[in-house]
Amino acid sequence: MEASAEPARVLRAWEQVVPADAVGASEARLSRLIVRTAVRVKVVWTAEQVTHFLDLLLATQAVYRESVVRMGDAYGFHMSTDP
């Protein structure tokens with residue numbers, strides 16, 4: 001699989017998530033997405049894949065703010081790895 005294909009696939013999954021307080025929302029779906037992707041993003045993805053994912057996220061308007069906050073917490077995007 002091409003390195004940029006997986007970040008695009010994960011972003012498409014996040015675009016399908018509806019906030020918990022909206023009609024038709026599923027907390028279970030959100031939880032499954034986090035469980036299924038968090039370890040791969042934090043451990044397996046290269047810095048280039050993370051950067052590509054964040055670029056894709058910046059370019060979309062289809063991901064809710066609540067989802068972005070949950071994603072940042074789950075994936076550790078709020079932490080710096082600089083020495």
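A residue counts as buried when its relative accessible area is under 20%; the legends below describe a predicted model.

**View 1. Packing of helices α2 and α4.** Helix α2 spans residues 27-44 and helix α4 spans residues 65-75. Their axes lie 9 Å apart and meet at an angle of about 40°, so the two helices are oblique to each other. The crossing of α2 and α4 is right-handed. From α2, the residues E27, L30, I34, T37, A38, V41 and K42 make the contact, and from α4 the residues R70, A74 and Y75. Sorted by class, this contact of α2 with α4 holds six nonpolar, one polar and three charged residues.

**View 2. The aromatic pair of F53 and F77.** The two rings are 6.1 Å apart, centre to centre, with 45° between their planes, and the pair is tilted. F53 belongs to helix α3 (residues 47-59), whereas F77 lies in the segment after α4; the pair therefore ties together parts that are 24 residues apart in sequence. F53 has a relative accessibility of 0% and so counts as buried. F77, with a relative accessible area of 27%, is partly exposed.

**View 3. The aromatic pair of Y75 and F77.** The ring centres of Y75 and F77 are 5.5 Å apart. Their planes stand at 75°, so the pair is edge-to-face. Y75 has a relative accessible area of 3% and is therefore buried. Y75 is also one of the α4 residues that contact α2.

**View 4. The aromatic cluster.** W14, W45, F53, Y75 and F77 form one cluster of aromatic residues. The count of aromatic pairs comes to five.

How values were computed: Residues are numbered from 1 along each chain as its sequence is written. This is a predicted model: local features need pLDDT of at least 70, side-chain atom pairs count only at pLDDT 80 or more; totals for chains, interfaces and linings use all residues. Side-chain values use heavy atoms; hydrogens and water are left out. Axes are lines fitted to C-alpha atoms, for helices over the stretch in contact, and angles run from 0 to 180 degrees between N-to-C directions. Helices (H or I, at least four residues) and strands (E, at least two) are DSSP runs, numbered from the N terminus. Angles under 35 degrees count as roughly parallel, over 145 as roughly antiparallel, 65 to 115 as roughly perpendicular and the rest as oblique. A crossing is left-handed if the near helix is turned anticlockwise from the far one by less than a right angle, and right-handed if clockwise. Contact means heavy atoms within 4.5 Å. Ala, Val, Leu, Ile, Met, Phe, Trp, Tyr, Cys and Pro count as nonpolar, Asp, Glu, Lys and Arg as charged, and the others, Gly among them, as polar. Rings of Phe, Tyr and Trp (its six-membered ring) pair if their centres lie within 6.5 Å; planes under 30 degrees apart count as stacked, over 60 as edge-to-face and the rest as tilted. Buried means under 20% relative accessible area, exposed over 50%, partly exposed in between (1.4 Å probe, protein chains only).
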